[in-house]
Protein chains: 2
Amino acid sequence: MSMHRLQKLQELQRNAGIDCVAIVPGANMLYFTGVHYHLSERPIIAIFPASAGVQPALIVPAFEAGKALNGPFRIDWRVYSYMDGQDPQTAADQAVTDLGLDGRAIGVEPTAMRILESSLISHRAAQARMTSAVDILKQMRMTKDDDELARMRRAAKVPERVLAEAIKRLKPGMTEREAAGVFMSVSFEQNPQEPASPPLVQTGLSAAFPHAFAGGRAIQPGDLMVVDFGAVVEDYGSDITRTIAVGGEPSDEMKRVYEVVRQANAAGRAAVRPGILAEDVDRAAREVIEQAGYGRYFTHRTGHGLGLEGHEAPYMVKGDKTVLQPGMTFTVEPGIYIEGKGGVRIEDDMVVTDDGGESLTTFSRDLIVA
Amino acid sequence: MSMHRLQKLQELQRNAGIDCVAIVPGANMLYFTGVHYHLSERPIIAIFPASAGVQPALIVPAFEAGKALNGPFRIDWRVYSYMDGQDPQTAADQAVTDLGLDGRAIGVEPTAMRILESSLISHRAAQARMTSAVDILKQMRMTKDDDELARMRRAAKVPERVLAEAIKRLKPGMTEREAAGVFMSVSFEQNPQEPASPPLVQTGLSAAFPHAFAGGRAIQPGDLMVVDFGAVVEDYGSDITRTIAVGGEPSDEMKRVYEVVRQANAAGRAAVRPGILAEDVDRAAREVIEQAGYGRYFTHRTGHGLGLEGHEAPYMVKGDKTVLQPGMTFTVEPGIYIEGKGGVRIEDDMVVTDDGGESLTTFSRDLIVA
């Protein structure tokens, strides 16, 4: 798989006129190396040449080199390591010299690479031209391969199991925070490998602020509770939102709001197919809410890409002209939030298929009275 | 308070020959501005001149400017804002020109500032010299002022309340993960303002790996359970570890190990006073463990600084020659981990006082059988 990714990267590099791509720890490092490295005061830089005949270089603390050498993708690294107490500049100078980087075009991630790393590279490559590689990295990562999709399918199942179990444990009178605690506890039980992120839990008034954390408000019978959470399985994430009535039926108005959001979610999902634009998914969901007269209460984009990062390209929002292609994964999560009355959001994770879209999350979207 | 911090910064800048300090979102931004900004694809840079007569500059997205203008520290910002869709380079060029940065020494955080921000500054300051401001920033942040210490005292109380309540809910047969869920739930109940971080919960075998996350192992009667967690209150953190026997007395050997760690923790805390070095605290704790014959099982440093960041300077480790001064805050957390038998760690948060040290965390260090 690695070779496939690195070969694809080389092809895109050559088309973009980029001689080498230099990657620092983060999602792109994981994507291309299969190894978990973390940004710290000890610099780590992977350098991928456009030419297939040149070994990729890894500047790395000596005690971290083994992770890459034994990494799952079997990359033929040339390692430039340094010990604690040694200046990493020596290792970096050697790598830069061996790769002949001075005067070349080096593709970087401007929002990830720090002065720490860029100055290491520049020391012996003062005439190199640093240029953004974001477009080619984004282009590769947006479309998931079979292995990635298998992980995303597994990730999508976890919050569905959590929802099924946690709903049984909800009671009116609990605070939002206590309800969040229930979801956390069940998440711990259901997903051994990963520390769970705190869910967003909102009821009543506060759901008018769609992405705040759980508060101290006690849940009243008939309150609609918006629960937004996910799981990470083998590095790939899921993200789901359901809106649950706790301890009684909601008001007629909020039942109507729920139905509008349910239809908007369905319309957004139904719109997904190869060839349309990311913004078209937004429009499909938004039109349902606008036509029902709630347009001004739908205060955020319809969705975001999902994968190694919780939010990544493409974005389901007016202006995102990404052409959907099979294997792209993203959320569809329309919502309506009315100050003083509460909010509803229903979020699913979609993958673009050869002829449409498939929902990775399938938990019931009917109103549940817990 | 802000003026105090900025005045102090100016003094240190002048001594270091740094004309301006440029800060990006993160702990230092929060420390000097009192405002929560986050690193994103939209650059934010605060520039603090060494001269008191020159206004600090803030390069910021227009929709985020209000946070600084209404910030708690009443800084007399000159704001250079940009709208979505506008190139932030224009705002940055104006700031750099107004401050006359070209050819000057600009202090930066090499492990925080990215190419995104450094290239914005360099565009009109190609002859400026970027130099690390880390030493002066660290020097300021290590010693906490009264306001910071008040927050840290409040933060230290939260995990103590959580411990008292969570211990009542532990049962043999629970998995480590379920126990972690108990701590998460109680943390949610006890600290309304902040999402809790998952605790580290380890028993039996796995405590031999001192910082792994909770696993699926069921807790056996008499197991020692190491629980390491904390809280954040008004941006300042606490960090506590206690080791609890669940469902029965531990073996005589592990009781002896517990007692050695308890004495090492006490010795480390007792060593704290102004004028000694950070590494002296490590030595005081480590000697107790070495003299008891368990030196090779104490596999990590004795502690780390604590404040806006969970790990910050100084570090209680051989080689850290920081001279302790009143107001410095750090952990003392010796441990012994024996493969196949389990581990013990006892961690407290200390502040250096005028004539010694005070433990911010005071939860009983006696062996608790829960």
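User: Where in chain B does B:Arg74 lie?

Analyst: In this predicted model, B:Arg74 lies in the loop between helix H3 (65–69) and strand S4 (78–82) of chain B. B:Arg74 also has a positive phi of about 55°, although the residue is not a glycine.

User: Why does B:Arg74 count as exposed?

Analyst: The relative accessibility of B:Arg74 is 62%. The term exposed requires a value over 50%, so B:Arg74 counts as exposed.

User: Why does B:Glu234 count as partly exposed?

Analyst: B:Glu234 has a relative accessibility of 38%. B:Glu234 is found in the loop between S8 and strand S9 (236–246) of chain B. Phi of B:Glu234 is near 50°, a positive value in a residue other than glycine.

User: Why does B:Gln202 count as buried?

Analyst: The relative accessibility of B:Gln202 is 2%. Buried means under 20%, so B:Gln202 counts as buried. B:Gln202 lies in strand S7 of chain B. The C-alpha atoms of B:Gln202 and B:Gly216 are separated by 10.0 Å, and these residues stand 14 apart along the chain.

User: What makes S7 and S17 of chain B stand at the edges?

Analyst: The open sheet has four strands in the order S7-S8-S9-S17 (chain B), with mixed pairing. Strand S7 (200–203) and strand S17 (368–369) of chain B each have a single partner strand, so one side of each is left without a neighbour in the sheet.

User: What makes the link between A:Ala313 and A:Pro314 a cis peptide bond?

Analyst: Omega is about 0° for the peptide bond that joins A:Ala313 and A:Pro314, and the bond is cis. A:Pro314 lies in strand S11 (residues 312–316) of chain A. In chain B, a cis peptide bond with omega of about 0° joins B:Ala313 and B:Pro314.

User: Why is the meeting of the side chains of A:Asp145 and A:Arg5 called a salt bridge?

Analyst: The N to O distance between the side chains of A:Asp145 and A:Arg5 is 3.0 Å. The cut-off is 4 Å, and the pair therefore qualifies as a salt bridge.

User: How many salt bridges does the rule find across the interface of domain 1 of chain A and domain 2 of chain A?

Analyst: The rule finds four salt bridges across that interface. On the side of domain 1 of chain A that touches domain 2 of chain A, helix H2 (27–33) and helix H6 (134–142) of chain A are the elements that give two or more residues. H6(A) gives the most, with four residues. The assignment places domain 1 at 3–141 and domain 2 at 143–369. Between them the two domains bury about 750 Å², with 43% of this on carbon and sulfur atoms.

User: What area is buried between chain A and chain B, and what share of it do carbon and sulfur atoms give?

Analyst: The area buried between chain A and chain B is about 2100 Å², and carbon and sulfur atoms give 73% of it. In chain A, A:Ile115, A:Arg177 and A:Phe188 lose the most area to chain B, together 33% of what that side buries. The count between chain A and chain B is zero salt bridges, whereas six residue pairs are in polar contact. H8(A) gives the most to the side of chain A that touches chain B, with eight residues.

Terms used:
Residues numbered from 1 in each chain as written. Chains lettered and ligands numbered in written order. Predicted model: local features only at pLDDT ≥ 70, side-chain atom pairs only at ≥ 80, totals over all residues. Heavy atoms only, no water. Domains from an automatic or database assignment. Buried area = accessible area lost by both parts, 1.4 Å probe. Polar contact = N/O pair within 3.5 Å; in protein donor to acceptor, adjacent residues only side chain to side chain. Pairing = 2+ DSSP bridges. Buried < 20%, exposed > 50% of the residue type's maximum accessible area, 1.4 Å probe, protein only.
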